[in-house]
Structure formats: structure tokens, C-alpha cells
Amino acid sequence: QVQLVESGGGLVQAGGSLRLSCAASGSIFGINVMGWYRQAPRKQRELVAAVTSGGNTNYRESVKGRFTISRDNAKNTVYLQMNSLKPEDTAVYYCHARTRDDYWGQGTQVTVSS
């Protein structure tokens with residue numbers, strides 16, 4: 001079992017920045033991919049960014065150049081630095097970890113005002 005605890009969401013004006021953190025605990029040695037998904041009202045959950053244990057990253061097109069995912073293996077933590085935020089980035093952001101199973105955090109609200 002893997003437990004994920006997120007922090008760092010909040011309300012910010014368009015053009016501002018936020019940093020999300022996700023700390024993993026439990027059976028962390030089996031984690032190969034960690035990432036962030038988001039879900040806006042009445043929309044499906046979508047991948048925002050992911051990073052493998054080897055450091056390879058993947059971003060959805062709309063956040064490239066604005067968001068940066070990083071992973072501190074020593075702290076079992078993954079971060080999402082979000083810059084130049086737009087109102088369309090407003091969503092609940094979920095941390096995700098994959099072993100042989102998928103694990104999810106409880107979600108943190110990010111609201112970007114115009």
C-alpha cells in the first residue's frame with residue numbers, strides 16, 4: 001500500500017504561481033511513476049505531468065513551458081511547480097503513484113482567478 005498526501009493548492013490570480021507537493025509513504029520501493037492529474041467540474045480527470053523513477057518526464061501539451069514536475073527520491077516526494085497560471089488550470093489536482101497498482105491522493109484545489 002502507498003499513501004499519498006498532497007499540499008500546496010490555493011487561490012491565485014492569473015499569471016501567478018503555485019507549487020504542489022505530494023509525499024509518499026508505505027510501500028514506496030515499488031513506485032515507478034509518480035505524477036499529477038487534474039479534474040475540473042464536469043470534465044474527465046486528465047494527466048498533467050508525470051515523472052519516472054529514472055527522471056523521465058511527460059507533460060500534457062497545454063502546460064508545457066509553464067509547469068515543471070520534479071521528484072526527490074530521498075524524500076519520496078514529487079513536486080509540481082506551476083507558473084503563468086491560467087483560469088483554465090482551475091481544477092482539483094490529484095497526486096498519483098503507480099506500482100503494480102494505482103494510488104491516489106485526496107486532491108487539492110487549485111483556483112485561478114481572471
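Where does Asn76 lie? Some friendly notes on that and a few other spots follow.

1. Asn76 lies in the loop between strand 7 (67–72) and strand 8 (77–82); strands here are DSSP runs of E, at least two residues, numbered from the N terminus. Although Asn76 is not a glycine, its phi is positive, about 55 degrees. Asn76 is partly exposed, with a relative accessible area of 26% (buried means under 20%, exposed over 50%, partly exposed in between, with a 1.4 Å probe and protein chains only).

2. Before you read on: this is a predicted model, in which local features need pLDDT of at least 70 and side-chain atom pairs count only at pLDDT 80 or more, while totals for chains, interfaces and linings use all residues. Residues are numbered from 1 along each chain as its sequence is written, and side-chain values use heavy atoms, with hydrogens and water left out.

3. Arg42 also has a positive phi without being a glycine, with a value near 65 degrees. Look for Arg42 in the loop between strand 4 and strand 5 (46–52). Its relative accessibility is 84%, so Arg42 counts as exposed.

4. There is one aromatic pair, where rings of Phe, Tyr and Trp (its six-membered ring) pair if their centres lie within 6.5 Å, and planes under 30 degrees apart count as stacked, over 60 as edge-to-face and the rest as tilted. Tyr37 and Trp104 have ring centres 5.0 Å apart and planes at 70 degrees, so the pair is edge-to-face. Because Tyr37 lies in strand 4 (residues 33–39) and Trp104 in strand 10 (residues 102–104), the pair ties together parts that are 67 residues apart in sequence. Tyr37 is buried at 19% relative accessible area, whereas Trp104 is partly exposed at 36%.

5. His96, in strand 9 (residues 91–98), has 3% relative accessibility and so counts as buried. Its side chain makes a polar contact with the side chain of Asp102 at 2.8 Å (a pair of N or O atoms within 3.5 Å; within protein, one must be able to donate a hydrogen and the other to accept it, and residues adjacent in sequence count only if both atoms are side-chain atoms).

Key: Helix = DSSP H or I, 4+ residues; strand = E, 2+ residues; numbered from the N terminus.
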